[in-house]
Amino acid sequence: MNTLIKEDRLCVISDIHLGNPSFTQGRGFNSFLEHLLDKKTNLCINGDGLDLLQMSFPKVMLDFPSIISSVTNYLSGGKNKVYYVVGNHDIYMETFLESAGVFNVVPFLDVVSGNQRIHIEHGHLYDRFFLYYPNLYTQLTKFIGLWLRLAPGFFHLWDKSTLYLASLGNRRKHNLQAFPVAEHEYTKAARGLFDRGFDTVIFGHTHNPGIYKLDGSKRYANTGSWIGTSGYYIEIDRGEISLREWKD
């Protein structure tokens, strides 16, 4: 297991939630992989690529064949890599993903790009609810999953609501100094990682996309999610990071 890599260019996405009844980004994800293939850019899936806690078997059967075909095409020839950081919705798949030999499965990823050191981690270990009440968190998540099978649009509404509340703490568009109240625990964790020599910290988990400047030149970023009508991703280019939105 190699958690330290050197990449000039790398795209980071998280929270795809494949198998979740609310996942509608199958075609978008496939075209995104085609884009990365054309750009010869490697990919990091920063947790919750699969959604075992809220999975709908019919939904998996609907989305899985085309997704697997796109991933296979992306990896064909051995020139592209997929780094898979496990999250709380797919941690039970860690052994299976490792034994499949397709992805580089890691608990976190440290990237040297340009003259920057970048730490990538899903972020669920900094969620107080998950940290202190893991069993209750899991059971509640599964219960919500049953609700989603009846009303898949609920997850979209939930994401839009949380993004709106997050935007209240970020009043000016692209104001990198402000960050949502919901991200405070993660910015605190990021500062701890800055003390260990990292210049940038990238989390997922909260579904709140953004890049925020902390402590001068240090940066905290969140990759958002692929639940809803668009997908967010972080592009790393020789140490510089940018938040982008993919629309099919």
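Predicted model: local features only at pLDDT ≥ 70, side-chain atom pairs only at ≥ 80, totals over all residues.
Local features need pLDDT of at least 70 and side-chain atom pairs count only at pLDDT 80 or more, while totals for chains, interfaces and linings use all residues. Residues are numbered from 1 along each chain as its sequence is written, and side-chain values use heavy atoms, without hydrogens or water.

The largest nonpolar core has 26 residues. Such a core is a set of buried Ala, Val, Leu, Ile, Met, Phe, Trp, Tyr and Cys residues joined through side-chain atoms within 4.5 Å. Buried means under 20% relative accessible area (1.4 Å probe, protein chains only). Ile-13, Phe-29, Phe-32 and Leu-43 have the most contacts inside this core. A second, separate core of 17 residues includes Val-106, Leu-109, Ile-234 and Ile-241.

Phe-32 touches residues beyond four places in sequence, with heavy atoms within 4.5 Å. Among them are Cys-11, Leu-43 and Trp-246. Cys-11 is buried, at 2% relative accessibility. Cys-44 is also buried, at 0%. The whole structure has zero disulfides (pairs of cysteine sulfur atoms within 2.5 Å).

Helix α7 spans residues 184-194. Helices are DSSP runs (H or I, at least four residues), as are strands (E, at least two), numbered from the N terminus. Tyr-186, Thr-187, Ala-189, Ala-190, Leu-193 and Phe-194 are buried in α7. Seen down the axis, they fall within an arc of 160°, taken from the directions to the C-beta atoms, so they line one face of the helix. Their cover includes strands β7, β8, β9 and β10.

Ser-225 lies in the loop between β10 and β11. Ser-225 is buried, with a relative accessible area of 4%.

Definitions and conventions. Buried < 20%, exposed > 50% of the residue type's maximum accessible area, 1.4 Å probe, protein only.
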